[in-house]
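The points are numbered and can be checked against the model as you read.

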Amino acid sequence: MTPEAQQSHPVPAATEQDHAAPSSAAGTNLAAEFQAAVSQYLIRHRSILDILAKLQETSARVQRAVSRAVTECGCLEVHAQRQQIPQGISYWEMRAHVSTHLSGSLCEQCREVLEMELGHNLFYLTALCEALNLQSDDILRQEMKRVTTLGVFNLT
Ligand SMILES: [Zn+2]
């Protein structure tokens with residue numbers, strides 16, 4: 001990671017207790033707390049244009065981290081082929097027949113890198129919410145509801 005990138009991703013310390021979740025949030029939750037921290041620490045890349053660019057950049061870094069686990073480390077392998085789905089089964093039964101095409105598992109080092117990159121991606125995703133006055137906890141709640149109530153239709 002470049003020094004610039006590191007500087008732009010301060011890990012929100014758990015010391016700013018006075019900077020709590022937005023007052024509109026019912027009770028404390030992690031997403032709201034995180035968004036408040038992002039708002040506080042996002043200084044240099046506060047422009048919507050910077051946020052959009054960083055969101056894409058960090059997303060690419062997530063993909064790169066997974067690729068590196070395969071191509072450089074080797075702790076993961078990808079053996080991809082057409083999904084073999086029996087005819088006439090239900091959508092829910094498909095789950096038992098579709099593959100991730102992955103074998104192996106993340107080693108400690110690759111896991112650390114990927115978790116860090118995912119964290120940075122979440123940071124800018126949350127920054128996008130903040131810049132547009134959207135509440136990430138509301139979005140999470142709505143999506144959770146969609147996934148659990150409309151699951152099949154929403155995800156196909
Ligand atoms: Zn690895």
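1. How are helix 2 and helix 5 oriented to each other: roughly parallel or roughly perpendicular? Their axes, which are lines fitted to C-alpha atoms over the stretch in contact, with angles running from 0 to 180 degrees between N-to-C directions, are 9 Å apart and pack at an angle of about 85°. Helix 2 and helix 5 are therefore roughly perpendicular to each other (65 to 115 degrees counts as roughly perpendicular, under 35 as roughly parallel, over 145 as roughly antiparallel and the rest as oblique). The contact (C-beta atoms, placed from the backbone, within 7 Å) is made by F34, Q35, V38 and S39 of helix 2 and F123, T126, A127, C129 and E130 of helix 5.

2. This is a predicted model, in which local features need pLDDT of at least 70 and side-chain atom pairs count only at pLDDT 80 or more, while totals for chains, interfaces and linings use all residues. Residues are numbered from 1 along each chain as its sequence is written.

3. The protein chain has six helices and two strands, these being DSSP runs (H or I of at least four residues for helices, E of at least two for strands) numbered from the N terminus. From the N terminus, the order of the elements is α-α-α-β-α-β-α-α. Of the 156 residues in the protein chain, 15% are buried (20 or more other C-beta atoms within 10 Å of the residue's own; exposed means 12 or fewer, and partly exposed lies in between, with C-beta atoms placed from the backbone).

4. Helix 2, residues 30-41, holds twelve residues and reaches 16 Å from its first C-alpha to its last, close to the 16 Å expected, where the expected span is 1.5 Å times one less than the number of residues. Buried residues in helix 2 are A32, Q35, A37 and V38.

5. Helix 5 (residues 108-131) also packs with helix 3 (residues 48-73), their axes coming within 9 Å and crossing at roughly 165°. Helix 3 and helix 5 are therefore roughly antiparallel to each other. The residues making this contact include I51 and L55 of helix 3 and L125 and L128 of helix 5, and the contact residues divide into 17 nonpolar, four polar and three charged (Ala, Val, Leu, Ile, Met, Phe, Trp, Tyr, Cys and Pro count as nonpolar, Asp, Glu, Lys and Arg as charged, and the others, Gly among them, as polar).

6. L128, in helix 5, is partly exposed, with 17 other C-beta atoms within 10 Å. Leaving aside neighbours within four places in sequence, L128 is in contact with I51 and L55. L128 and L55 are 73 residues apart in sequence, yet 8.2 Å apart in space, C-alpha to C-alpha.

Conventions: Two residues are in contact if their C-beta atoms, placed from the backbone, lie within 7 Å.
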